[in-house]
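Subject: Structure for you to look at

Hello,

Here is the structure I said I would pass on. Please open it and keep it in view while you read the notes below.

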Amino acid sequence: MRICIFGAGAIGGFIAAYMARAGIEVSVVARGAHLAAIQARGLSIETRDERFTVQVKASADPAELGPQDGVFVTVKAPALPGVAGQLAPLLGPDTPVTFLTNGIPWWYFRGHGGEWDGRPLPTLDPGEAIWSAIGPRRLVGGIAWPASSVPEPGLVRMTDPRSRPTILGAPDGSDMPGARLLAQALETATLPVVIDNRIRDRIWEKLAFNLSAGPLTVLTETPVRATQEEAALVEASRRILSEVAALIAALGCRAEIDVARILDQNSRLGHRPSVLQDLAARRPMEIEALYNVPLELAALTGVKMPTLEMLAALIRVKARELGLWSPAPV
């Protein structure tokens with residue numbers, strides 16, 4: 001089985017390393033110092049239980065890697081439009097592709113059914129470039145949960161790679177051979193995986209968790225639990241979750257949002273979310289997928305989200321002043 005991980009950072013790196021250790025023929029598309037370190041010393045993983053290094057074929061040019069049996073795209077949402085034109089060399093006749101990104105995925109309404117079926121999200125997929133490159137036959141929805149980071153080139157650090165499963169599923173809820181193939185690769189790597197025919201419900205469950213404190217961490221530049229030491233910020237988290245629940249219902253999803261459990265988890269979570277990691281490293285931030293597009297969906301459905309709207313506006317100002325975000329062209 002030939003698997004390519006397009007983007008070997010915090011999420012893609014750990015998937016690639018565990019697959020390589022399991023004997024899968026893995027290649028990665030990476031860039032810069034991270035690519036150079038992987039080529040020179042291999043890809044290293046550090047968890048609370050172990051540290052190991054594997055050798056993987058790595059390149060900045062997908063054409064050097066050739067057609068694959070499956071592709072995991074794990075770059076951040078701002079980089080996706082640029083990825084669309086690079087995927088072709090990796091695609092055989094039946095190669096499935098999943099996108100393990102944060103927030104609302106670019107394909108959200110593809111296979112949705114009902115009045116919004118097929119509705120594009122130009123903020124995330126300008127000119128439908130990604131859709132044109134992938135299409136319905138290859139597209140597998142995906143969600144990855146592990147909290148991880150890249151503290152130095154060539155090294156991915158995480159607490160527990162098996163704490164929650166990767167979730168895969170066809171956007172239209174069908175039984176998709178491509179989803180099964182990608183799941184088999186994860187299972188071979190001893191990484192937990194679930195195939196779910198209601199992938200949007202699971203997307204909202206993760207996004208609700210991300211939104212419950214993520215915007216607060218960006219504004220305070222602290223780990224999640226620090227934002228929960230102020231009663232007013234706990235209440236802000238509660239209001240965001242209420243707003244997200246209303247949007248979920250308006251979109252016809254049935255995600256499970258356990259407010260008490262999420263707030264309790266936040267009070268103990270010392271992790272810095274990836275969007276805060278990007279801010280600290282002065283990298284482009286996933287503002288569209290995490291904040292702006294949910295607000296677009298709220299406008300579409302008539303749902304009011306004043307708390308998220310205010311926090312997102314403050315984040316946009318901050319990111320724009322730092323040169324980490326600019327409005328999408330109209």
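The notes below go through the charged pairs, then one arginine, then the nonpolar cores.

Please keep in mind that this is a predicted model.

Charged pairs

Side chains of opposite charge can pair when their charged atoms come close. In this structure there are 15 salt bridges.

Start with Arg51 and Glu46, whose side chains form a salt bridge with an N to O distance of 3.1 Å. This pair belongs to a network of salt bridges that links Glu46, Arg51 and Arg157.

Next, look at Arg198 and Asp201, a salt bridge in which the closest N and O atoms are 2.5 Å apart. Are the two partners buried or exposed? Arg198 counts as partly exposed because its relative accessibility is 28%. Asp201 has a relative accessible area of 2%, so Asp201 is buried.

Glu221 is partly exposed, with a relative accessible area of 39%.

Arg202

Helix H6 also holds Arg202. Arg202 counts as buried because its relative accessibility is 15%, and the cut-off for buried is under 20%. The side chain of Arg202 makes a polar contact of 2.9 Å with that of Asp196. Another polar contact of 2.9 Å joins the side chains of Arg202 and Glu205. If neighbours within four places in sequence are left aside, Arg202 is in contact with Ile143, Ile167, Asp196 and Arg254.

Nonpolar cores

The largest nonpolar core has 70 residues. Which of them touch the most other members? They are Val73, Phe99, Ile104, Trp204, Met285, Tyr291 and Leu297. Helix H6 gives the most to this core, with 9 residues.

Not counting residues up to four places away in sequence, Leu297 touches Ile104, Phe109, Leu121, Trp204, Leu247 and Leu251.

There is also a second, separate core of 40 residues. Among its members are Phe14, Phe52, Leu168 and Ala170.

Regards

Notes. Residues numbered from 1 in each chain as written. Predicted model: local features only at pLDDT ≥ 70, side-chain atom pairs only at ≥ 80, totals over all residues. Heavy atoms only, no water. Salt bridge = Lys/Arg side-chain N within 4 Å of Asp/Glu carboxyl O. Buried < 20%, exposed > 50% of the residue type's maximum accessible area, 1.4 Å probe, protein only. Helix = DSSP H or I, 4+ residues; strand = E, 2+ residues; numbered from the N terminus. Polar contact = N/O pair within 3.5 Å; in protein donor to acceptor, adjacent residues only side chain to side chain. Contact = heavy atoms within 4.5 Å. Core = buried A, V, L, I, M, F, W, Y, C linked by side-chain atoms within 4.5 Å.
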